[in-house]
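Trainee: I've got a model open and I'd like to learn how to read it. Can you walk me through a few features?

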Amino acid sequence: MKINKRILVAPLDWGLGHATRCIPLIRTLQKLGCEVWIATSGKQEILLKEECPGAHFLYLPGYGVQYGKRGVMLRLLRQIPVIRRHIFTENAWLQQAIREHAIDGVISDNRYGLYSKVVPCVLITHQLALQMPRWANFFFGRGVQQMLYDHIEHFGECWVPDLPEKDRSLAGAMSHPAKLPNIGVRYIGWLSRFKMPINPPKKEDAILISISGPEPQRGMLEEMVLRQIPVLKGKYWLVRGIPGNDNNAIPEVPENVTVYNHVPAQKMQELMLSCSLLVSRSGYSTLMDALVLGTPIACIPTPGQTEQEYLSKRLAEKGWSVSLKQEHFNLEELVSKAKGMQGLPVAISDQMLLESVISEWVGNC
């Protein structure tokens, strides 16, 4: 039975990962007969317009968080007042959007201001326990964690894109804290825009390098790759992670390197299935995609992003990945360390679970 409801979906603007993992949610909502509205801007809007035909779009500015080149954690902590003001502003924006567009329900991916008492609102996050450096945790940990839960508990439900069993989970302690928020928490399995095909393409002896994340760190890693790649042998595919820039000049590279500013989901899936190794950030959405496709992965966590540092360390300890800090980045060394490494264990995305959770929630909107 088709459910005729108007649902607003809004991903956070920190990198493309929050947008890509919303794609299976959006497709499921459309399959159920919902009219999907997407609140976003910038690169996320470009990507989602390409991947989600039939959706309607509303302009919602991003948080505009500045990462900088050094002292990332301290810089982020200093921006907490700005982030909190933005949360207040986007909450006012949502109340107006609900009235003007007759929204029946809201799914917010890590945007903490998109809650309302008027319609059901869900928060999607895998970060129920923040990972912070020891010094930051000592001085600010308890207060920041309480502030996080205060924001989460504004929502009616919290959906965690991970498995309910901590030992089998991807996010580990992040998604399985000692104490859960005082709202309904549901583990909905891994979210990926990809599916393992019945007949996957044949593997090639090629390295796929996917560069993503916020500036200036995205650009800094790209500069390192472009400096090192000319002297390396073998086949390389470089995806720069800048959608909407098809007319941008492609960097000059050797013949053994193919460069893409951006590739759509179908092409990215093909590259990930065909490559012998994926070199990328250890963003949560990227790791979920690699799990679904069983792609061997070597990680360069974004400096100062303690979540990515924790995830890359966790995967390395499980023997699922190798990792190298950006400050020590050496592409040849990273590829060498990954030789002979098995891919991540292929995870079957439980589409029936996702449909069941979404269907039940939409039915109550």
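This is a predicted model: local features need pLDDT of at least 70, side-chain atom pairs count only at pLDDT 80 or more; totals for chains, interfaces and linings use all residues.

Trainee: In what order do the six strands of the open sheet run?

Mentor: Read the sheet across its strands: here the order is S10-S9-S8-S11-S12-S13, with parallel pairing.

Trainee: Which strands stand at the edges?

Mentor: Look for strands with a single partner. Those are S10 (257-260) and S13 (321-323), so each has one side left without a neighbour in the sheet. On average, neighbouring strands here are turned by 20° against each other, ignoring direction.

Trainee: How many bridges pair S8 with S11?

Mentor: Four, in the parallel sense, joining residues 206-210 of S8 to residues 277-280 of S11.

Trainee: Which strands does helix H8 lie across?

Mentor: Helix H8 (residues 284-293) lies across S11 and S12 (297-299), and runs at about 165° to S12.

Trainee: Now the loops. What is the phi of Ala102?

Mentor: It's positive, about 50°, although Ala102 isn't a glycine. Ala102 sits in the loop between helix H4 (80-101) and strand S4 (105-109).

Trainee: And is Asn110 buried or exposed?

Mentor: Check relative accessibility: under 20% means buried. Asn110 is at 5%, so it counts as buried. Asn110 lies in the loop between S4 and S5 (121-124), and has a positive phi too, about 65°. Ala102, at 47%, counts as partly exposed.

Note on methods:
Residues are numbered from 1 along each chain as its sequence is written. Side-chain values use heavy atoms; hydrogens and water are left out. Two strands pair if DSSP finds at least two bridges between them. Helices (H or I, at least four residues) and strands (E, at least two) are DSSP runs, numbered from the N terminus. Axes are lines fitted to C-alpha atoms, for helices over the stretch in contact, and angles run from 0 to 180 degrees between N-to-C directions. Contact means heavy atoms within 4.5 Å. Buried means under 20% relative accessible area, exposed over 50%, partly exposed in between (1.4 Å probe, protein chains only).
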